[in-house]
Structure formats: C-alpha cells, structure tokens
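The entries below follow the order in which I went through them.

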Amino acid sequence: MAKKITLSDKMFKELIDRFKDKKGFLGVILSTIDGIPVKSTLETDITEEFTARMAYLLGKLDKFAEKLDGSKVVGLTVETENTEIILIKEDTTFMSVLLAK
C-alpha cells in the first residue's frame, strides 16, 4: 500500500509562488519521508540525491528529538555559505525549498 501524501499540491504550488520571485530561488521538492521524490521543480538526479540525503538526516534528527524531549522534528533550516534549505516535515512527507544566497 502506498504511503498517503499529506502535503498537498496546493501547498507545493503556494511555496513555488511564494519563493519563485525571491532572489536565489532554486526549487521546491515534495518527498516521502523515505526519501522518494513525489514532485520537484529541479532536475531528476539532483532531486533524487537531495531527497535521499535529507530523509536520512531527518530520520537521525527525529531519533535525537525523541531522546531529547519525546518529540519529532517538524521543520528545519539549513544554511551553508551559499545556500539555504527550508524543510517542512509531516508524518509521511516533507517539502524542501532551496535558495541560493
């Protein structure tokens, strides 16, 4: 049985509309929590590698949050020298917005 996708197409489109005119907008990705891409504005190879790595990171962070205070991660912002990644996580899916600085 396929996992239920709870982050909607509407939200995917809203994030694109919200960020598309922002300087440095790179793309939006909707993925299952297992790292399987569902929808993306980026190239397939970039999307697949990114979602696999972010799913692994979110899994590790969830384990840490559970030990820390019994909760789960619901969002994360990662900043590098050149890029900002905004992650929004639900039970079975996560959405990523990628921005260049």
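This is a predicted model: local features need pLDDT of at least 70, side-chain atom pairs count only at pLDDT 80 or more; totals for chains, interfaces and linings use all residues.

Residues are numbered from 1 along each chain as its sequence is written, and side-chain values use heavy atoms, with hydrogens and water left out.

Entry: Pro 37. I looked up what Pro 37 touches once residues up to four places away in sequence are not counted, and found Leu 30, Ser 31, Thr 47, Glu 48 and Thr 51. Pro 37 lies in strand S2; helices (H or I, at least four residues) and strands (E, at least two) are DSSP runs, numbered from the N terminus. For exposure I use relative accessible area: buried is under 20%, exposed is over 50%, and partly exposed is in between (1.4 Å probe, protein chains only). Pro 37 has 31% relative accessibility and so counts as partly exposed. I also took the C-alpha separation of Pro 37 and Ser 71, which is 25 Å for 34 residues along the chain.

Entry: whole chain. I noted 2 helices and 5 strands, in the sequence pattern α-β-β-α-β-β-β. The C-alpha trace spans about 40 × 35 × 25 Å along its principal axes. The radius of gyration is taken over C-alpha atoms, and the globule rule is 2.2 Å times the number of residues to the power 0.38. For 101 residues a compact globule would have a value near 13 Å, and the chain agrees because it has 13 Å. I found 33% of the 101 residues counted as buried. Of the contacts between residues at least 6 apart in sequence, 49% join residues at least 24 apart.

Entry: helix H1. Which residues of H1 are buried? In this helix (residues 9–19) they are Phe 12, Leu 15, Ile 16 and Phe 19. Seen down the axis of H1, the buried residues fall within an arc of 100°, so they line one face of the helix; the arc is that of the directions from the helix axis to the C-beta atoms. I then checked what the buried residues of H1 pack against: strands S1 (25–32), S2 (37–40), S4 (83–89) and S5 (93–100). The face turned away from the buried side carries the exposed residues Lys 10, Lys 13 and Arg 18.

Entry: Asp 17. I placed Asp 17 in helix H1. Its relative accessible area is 48%, so Asp 17 is partly exposed.

Entry: Lys 72. I found Lys 72 in the loop between helix H2 (44–69) and strand S3 (75–79). Is Lys 72 buried or exposed? At 55% relative accessibility, Lys 72 counts as exposed. Leaving aside neighbours within four places in sequence, I listed Asp 62, Ala 65 and Lys 89 as contacts of Lys 72. Lys 89 is 17 residues from Lys 72 along the chain, and their C-alpha atoms are separated by 9.4 Å.

Entry: Leu 61. I placed Leu 61 in helix H2, where Leu 61 has 25% relative accessibility and counts as partly exposed. Not counting residues up to four places away in sequence, Leu 61 touches Val 73 and Leu 76. From Leu 61 to Lys 72 I noted 8.0 Å, C-alpha to C-alpha, for 11 residues in sequence.

Technical notes
Contact means heavy atoms within 4.5 Å.
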